[in-house]
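Subject: Handover of a structure and its computed features

Dear colleague,

Please find below the structure that I am handing over to you.

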Amino acid sequence: MMIYANGRGVHKNIPYAMHLACLSSWAPAEETERLEDLRARQYKPSTRPFDFCDGATSGYVGGICSSHHARLQDVELDRSIIDFQKKLSPNAQKSFQNVLEKQKKWTKKTSENEVDLTGTDRASETIEAEENQKKNFVALLIRLQRSDFPKYTQKDIIKSNAIMKISLAKLKKEGVIPNSTIEWNGISETQKTWERYRDAWGDFAEKVYPAWGKQGAEAWISMERAKMLESMAH
């Protein structure tokens, strides 16, 4: 539908795009909105590309669209990660690969276990959680390339650990976050994955960014996690 509506690699064919809209819209409101949009483009071309996801009204289609947009965004994010890794020495690349692997596992766990799945838009919520973690990861890499190290110390590690301890104890006692699908067992499992991610960052920073060091890296990662747990606990 988007290919023919926008003429991407083919001759633009609005009537055929309208035909596809009738075949592939899951809700009446979606079909109506898309047909109206396409019909308007027949008579007055728009500078805004036609997007199937603009007319999404159901949670099901919302999940499909979130996944589609995430794939497009991942191209840019992955390019940033690859560019960062290429500039490292062979030994540093090996250490960074460990960070990358732990980051992927941690991101997967937090999106699986720490996102409320009660709503119809749960697929979108899960994908958005993964994308936000990946964006934060890339944002940190960009800062490191500028030698703009997050300024945290041992005091911050102690503070963040205290916040996490209090939050985890509260979450364990409650067993489940009220009116959500988030349970203690999932949070506990995710926390263990996060600890391995934090340790990987500490080892990498100690070898590659001595001016930041193991302490600085672990403090930064810990502060971010403390905020997440504190938010869930309240």
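Residues are numbered from 1 along each chain as its sequence is written. The model is predicted, so local features need pLDDT of at least 70 and side-chain atom pairs count only at pLDDT 80 or more, while totals for chains, interfaces and linings use all residues; side-chain values use heavy atoms, with hydrogens and water left out.

Confidence

The chain has a mean pLDDT (the predictor's confidence in each residue, from 0 to 100) of 89, and 95% of its residues reach 70 or more. Helices here are DSSP runs of H or I with at least four residues, numbered from the N terminus. Confidence is lowest in helix H4 (residues 59-86), with a mean of 81, and highest in helix H8 (residues 184-208), at 96. Where pLDDT is low, the predicted coordinates should not be read in detail.

Helix H3

Helix H3 comprises 16 residues (28-43); at 1.5 Å a residue it should span 22 Å, and its end C-alpha atoms are 23 Å apart, which agrees. The expected span is 1.5 Å times one less than the number of residues. Its buried residues (under 20% relative accessible area, with exposed meaning over 50% and partly exposed in between, for a 1.4 Å probe and protein chains only) are Glu-30, Arg-34, Leu-35, Asp-37, Leu-38 and Arg-41. Seen down the axis of H3, these buried residues fall within an arc of 165° and so line one face of the helix; the arc is that of the directions from the helix axis to the C-beta atoms. Pro-28 and Tyr-43, on the other side of H3, are exposed.

Aromatic contacts

The whole structure contains 13 aromatic pairs, that is, rings of Phe, Tyr and Trp (its six-membered ring) with centres within 6.5 Å, called stacked if the planes are under 30 degrees apart, edge-to-face if over 60 and tilted otherwise. Phe-84 and Phe-96 form a tilted pair, 5.0 Å centre to centre with 50° between the planes. This pair links Phe-84 in helix H4 to Phe-96 in helix H5 (residues 90-113). Phe-96, buried at 0% relative accessibility, also forms a tilted pair with Phe-204, at 5.5 Å and 55°. Phe-204 lies in helix H8, so this second pair ties together parts that are 108 residues apart in sequence. Ring pairs join Phe-84, Phe-96 and Phe-204 into a cluster with other residues, including Trp-201 and Trp-212.

A charge sits over a ring if NZ of Lys or CZ of Arg is within 6 Å of the ring centre and within 35 degrees of the ring normal. The charged end of Arg-34 is placed in this way over Phe-52, 3.8 Å from the ring centre.

Salt bridges

There are 15 salt bridges in the structure, each a side-chain nitrogen of Lys or Arg within 4 Å of a carboxyl oxygen of Asp or Glu. In one of them, the closest N and O atoms of Glu-189 and Lys-109 are 2.6 Å apart. Glu-189 lies in helix H8 and Lys-109 in helix H5, so the pair ties together parts that are 80 residues apart in sequence. Lys-214 and Glu-218 form another, at 3.1 Å from N to O; being four residues apart in helix H9 (residues 213-233), they are separated by about one helical turn. Salt bridges with shared partners join Asp-37, Arg-41, Arg-48 and Asp-54 into one network.

Yours sincerely

How values were computed. Helix = DSSP H or I, 4+ residues; strand = E, 2+ residues; numbered from the N terminus.
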